[in-house]
Amino acid sequence: MVVGAFPMAKLLYLGIRQVSKPLANRIKEAARRSEFFKTYICLPPAQLYHWVEMRTKMRIMGFWGTLIKPLNEEAAAELGAELLGEATIFIVGGGCLVLEYWRHQTHQRHKEEEQRAAWDAMQDEVGRLALALEALQAQVQAAPPRGALEELQAQMQEVRAQLCAPDPPPAPQAEPTSREVSSSKEKEPAEA
């Protein structure tokens, strides 16, 4: 991921630099035209930069006690304008980095809040399931013992067998013929 991000960061930096250059160029032109800007904004940082640079070079070469002459006003104004332009580009780039860092932190915080909410929801669900499990365990403990359950199952099978067994159909009775009717009438008074 870092390898893929590096070229994008470099490209982003170049894009910011290209966008910042016109702003830096306008600042340079203002520094060249305005006496106040040149005297109080450009010259002091340019002279300080020149002094630090020359002192470092002299010490590297072995000259420890040499006096460093300040730059002339024109060269210092030019160097100060360049420094100010580069500082502008650096500030814009740094601001972009700070904004990107802030956006990333906000995104990360939002993601953590979502994970925390999901975790809380899971814990609530686990608690609810634990209560349901306790209720089921209480029902199992309150259920009749196994022998009584088997006895009830046997009784249920007997009842099913009785319900499922077909009743013998009644014998069909034929209608009596006229002879049978007359003979039965004759038998009835005799029996009475």
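This is a short chat about a predicted model of one protein chain.

Reader: What should I know before I start?
Author: The model is predicted: local features need pLDDT of at least 70, side-chain atom pairs count only at pLDDT 80 or more, and totals for chains, interfaces and linings use all residues. Residues are numbered from 1 along each chain as its sequence is written, and side-chain values use heavy atoms, with hydrogens and water left out.

Reader: How many helices and strands are in the protein chain?
Author: Five helices and zero strands. Along the sequence the pattern reads α-α-α-α-α. Helices (H or I, at least four residues) and strands (E, at least two) are DSSP runs, numbered from the N terminus.

Reader: What share of the residues is buried?
Author: Buried residues make up 10% of the 192. Buried means under 20% relative accessible area, exposed over 50%, partly exposed in between (1.4 Å probe, protein chains only).

Reader: And the contacts?
Author: Take those with a separation of 6 or more: 70% of them join residues 24 or more positions apart. A contact means heavy atoms within 4.5 Å.

Reader: New topic. How many aromatic pairs does the structure hold?
Author: One. The ring centres of F36 and Y40 are 5.1 Å apart and the planes stand at 45°, so the pair is tilted. Rings of Phe, Tyr and Trp (its six-membered ring) pair if their centres lie within 6.5 Å; planes under 30 degrees apart count as stacked, over 60 as edge-to-face and the rest as tilted.

Reader: Is F36 buried or exposed?
Author: Exposed, at 55% relative accessibility. Y40 is exposed too, at 57%.

Reader: Now charges. How many salt bridges are there?
Author: Four. A salt bridge is a side-chain nitrogen of Lys or Arg within 4 Å of a carboxyl oxygen of Asp or Glu. One of them joins E35 and K38, at 3.4 Å from N to O. Both residues lie in helix α2, three residues apart.

Reader: How exposed is E35?
Author: Partly, at 47% relative accessibility. K38 is buried, at 11%.

Reader: What does R103 pair with?
Author: E100, with the closest N and O atoms 2.7 Å apart. R103 and E100 lie in helix α3, residues 73-142. R103 is partly exposed at 45%, and E100 is partly exposed at 39%.

Reader: How far apart are N and O in the salt bridge of E125 and R128?
Author: 2.4 Å. E125 and R128 lie in helix α3, three residues apart, about one turn.
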